[in-house]
Amino acid sequence: MESSVRRLESDTEVPDQAFEDEIIDLDFHVNPLEDELLAYVEDDRALDKLTTEYGATPIMGKWDAAYGIKEGQEGLFTQGRAKYAEDVAEASETLAVDEPIVNAGINNLNLQHHPVLKNSVCQAANDYMLDHFADEGVYTSMMVPKWDPDYAVEEIERVAGEDNIAAAYSWFDPKVPWGNEQFDPVFEALVENDLPLLLHGSLSYWPQHSYVGDDMLTWTEVLGFDWPVYAMVNVVNMIMRGVFDKFPDLDVVIQEGGHWWVPFLRYRMDEFYEMHPDDIQITPRKMDSGEKYLERTPSEYLRDNIYLCTQPFALPRGAGDAENLLDLSMADDMFIYSSDWPHQTLDPPTWFYTSRAFDDHTRERILSGNAKDILNI
Amino acid sequence: MVDNDDFTKVAEVGDIPKGEGEAFEINGIEIAVFNTGDEYYAISNRCSHQRAPLHKAGDEKINSEDTWTDERGGVDTEACTVSCPWHLWEWDLETGEHEASGQCIGTFDCVVDDNDILVDV
């Protein structure tokens, strides 16, 4: 029998069916060159200090887990480095991503020491992203400075109304959790501007500067479990401290904090709360409102107000197990696809086509539906 | 001289540069053929982890001049391995094994006959 041979010439890297579906990627990192970023710093005094030999965002002097990656810190650029809109378009095309939601990706900014310098970098990042992405028609997550809620509100009011600002981007970390009342003005500004709050893992905290993290020596522990621990802590803190009773329209997306922990939180929060809810009334927001209980069962806030990016998916191999886990994790309501381009845990949208766990509805909710429900696009 | 009933011609010597690979679909099966300089190796074109196309290993990164290495994964001609372009899983071209996980992907006999590169699928 004559053999049929065909050379594969295509530049596409994911299944053909992915190109037929609408795909929104909620975590696409841009990495401006430092001198191009700093050109946007408005305050000359801050600029002078940001351009010393220390660099604009120095890393604290500890080993981190990047030595677990074949190419070390190069893992942050495993796929390349997007500086401008055309770079994002080129990368998205091969992955069948229709709408990448880009962010400035300066994930070590949160832990920098000096509040004035941090704010200057944040201002510069937002202006760089407006010029090179939002103004070029690319949906952008503006940076929100967690360390300075007053300045965060100022930045939201300055930037959120610009065209193609689709979301706000900040970080979860082992320090003040987002349920703290100091963030209420930020939540109010986000709701007023109809922006979801994307909370990404903070590069500064992997694993440095947390008690358990400091004793994590492997990549698997650090990126696999240190971030999810704090992701869960932040989500539970926001729910139990009444953030979503005060701001029912606030949507929060956890990025790179894991997603398969939903069944654990879902059932455990409800069990504990329903058993002993008496302390809810003495949390600060409830003290103000005079309410005794949460307005809803904790897991209902999880379903309605919290979203989780899926990268890396780590899907069970068995389709039956995967389908059950998706169901228990409320994936149809909570999961949003993210690629994390260009990092070492890149997640092209393959799972949705290679596993029988996804029916059309679940695939559509994760790849675009849930994102469109909350993004300002 | 090889038995041409078993082997299929995929390319000619010179078509696949040293340290690179090309992908072919032979009777519906996707394989990648890599040139290590000394030998040609044929292996499944799909990484078992997430089905990344292995023949893309070694492709230049976007704005590689602003990163520390130029390529996405790549072929190690001395170790006779290919690193996946997505997550750098390292596959032995001869055995198809990924050492850390013990997983294997398919390998196929690959020979040069005269000037032809032939694969037994």
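Author: Strand β1(A) and strand β2 (residues 20-26) of chain B pair in the antiparallel sense over 3 bridges, where two strands count as paired if DSSP finds at least two bridges between them, and where strands (E, at least two residues) and helices (H or I, at least four residues) are DSSP runs numbered from the N terminus. This is a predicted model, in which local features need pLDDT of at least 70 and side-chain atom pairs count only at pLDDT 80 or more, while totals for chains, interfaces and linings use all residues. Residues are numbered from 1 along each chain as its sequence is written, and chains are lettered from A and ligands numbered from 1 in the order in which they are written.

Seen as a whole, the contact takes 26 residues from chain A and 27 residues from chain B, two residues being in contact if their C-beta atoms, placed from the backbone, lie within 7 Å. On the side of chain A that touches chain B, the elements that give two or more residues are β1 (5-7) and α3 (85-95) of chain A. Sorted by class, that side of chain A has 8 nonpolar, 8 polar and 10 charged residues, where Ala, Val, Leu, Ile, Met, Phe, Trp, Tyr, Cys and Pro count as nonpolar, Asp, Glu, Lys and Arg as charged, and the others, Gly among them, as polar.
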